[in-house]
Amino acid sequence: MEYRIAVLGGDGIGPEVTAEAVRVLKVVGAKRGHSFRFTEGPIGGNAIDRFGTALPEETVRLVKQSDAVLLGAVGGPKWDDPRAATRPEAGLLALRKTMGVFANLRPVKVFPQLLGASPLKPSLLEGVDIVVVRELTGGLYFSKPKRRWQTARGRRGVDTLKYTEREIRRILQVAFALAQGRRKKVTSVDKANVLETSRLWRELANEVAGEYPDVTLEHMLVDTAAMQLVRSPARFDVLVTENMFGDILTDEAAVLAGSMGLLPSASLAAVPRPGKRAKGLYEPIHGSAPDIAGKGIANPIAAILSAALLLRYSLGLEEEASLVERAVATAIADGCRTPDIVQARERTSSTREVGELIAHLV
Ligand code: IPM
Ligand code: MN
């Protein structure tokens, strides 16, 4: 069987880290007798430069013909003018919307050898194993009206936070379904003391919880969650939350792991069920890091772990996914470190060396 994988490297370090993920996938394919066909496509700032749009038609076509999409990162100072007609990020948001990938899974695991890479006390980090389920195609990022305009009394801007029952229900179902295969605890994060959408969210969370009697639900305000994430992160199992809250909390959660360069993500258009394949978008949670682009020092592990999630959720290759995850764990245990996670007196490896070692270990 041939699997078609669209590779959208994007900007900055995006292409470098996705190249290592592709390297690992190729070895997995060869080893296990799967044929993966990789096709590259433009997205982000480089696409704006070449096609005048951050998500060209040819990329949308490629994505439609693929079983899964592996993405690097988009953005950079070159395209940062606040008055520009379009931005690289618009391409990523349009892609998420086009694919309908409403469920963004962001696993946060702490590797025991990297406890010292985090500024937090190692004792707090032991046993941290969280999945943040971020709503990805609605909420503050997408709701209309969303615009800026001039009035007689100065400039104004508006963003809107709107959710339908259907949008909230399905993301909650993803969280509960995941929790069933884990420690059976869901923390629903909202701002119900202020926001109407959050009060609706809380009501629906209580209703959906009824469909999953084996899972415990707790509600937590987002500001409290931000504090608890660094105060006692091991208390969390599955966190589920609105698009923007999820964006913010997962950058914070990256501090637990020790580096943004370690955290993968999977974005799905359906509730994941064992044995069922679904098209998905796989990307590290980190950005394009233009300051280190082209230097060969970016950490490819987030991209490689994203490829593992691709194997699991879109190709239904659970064993292969675990193989990649174990190879990453072994590489880290063996002291393989890009500069972002290197600690005193450890040797530093390049992006490529890390990719090659993990490819060798799968
Ligand atoms: C992320 C990123 C994106 C987001 C940006 C690049 C639009 O920060 O994937 O977390 O905010 O969703
Ligand atoms: Mn983000």
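Strands (E, at least two residues) are taken as DSSP runs and, like helices (H or I, at least four), are numbered from the N terminus; two strands pair if DSSP finds at least two bridges between them. The structure is a predicted model, in which local features need pLDDT of at least 70 and side-chain atom pairs count only at pLDDT 80 or more, while totals for chains, interfaces and linings use all residues. Residues are numbered from 1 along each chain as its sequence is written, chains are lettered from A and ligands numbered from 1 in the order of writing, and side-chain values use heavy atoms, without hydrogens or water.

Strand E4 (residues 103–109) is largely enclosed by the rest of the structure, because five of its seven residues are buried (under 20% relative accessible area; exposed is over 50%, partly exposed in between; 1.4 Å probe, protein chains only). Strand E5 (residues 129–135) runs antiparallel to E4 and is joined to it by seven bridges, with Val108 opposite Ile130 of E5. E4 also pairs with strand E11 (residues 266–268) in the antiparallel sense, over three bridges; here Asn104 stands opposite Ser267.

Oxygen atoms of the ligand lie 2.7 Å from a side-chain N or O atom of Arg96, 2.9 Å from one of Arg106 and 2.5 Å from a polar side-chain atom of Tyr141. Of the 320 Å² of accessible area that ligand 1 has on its own, the protein covers 79% (Shrake-Rupley method, 1.4 Å probe).

How values were computed. A polar contact is a pair of N or O atoms within 3.5 Å; within protein, one must be able to donate a hydrogen and the other to accept it, and residues adjacent in sequence count only if both atoms are side-chain atoms.
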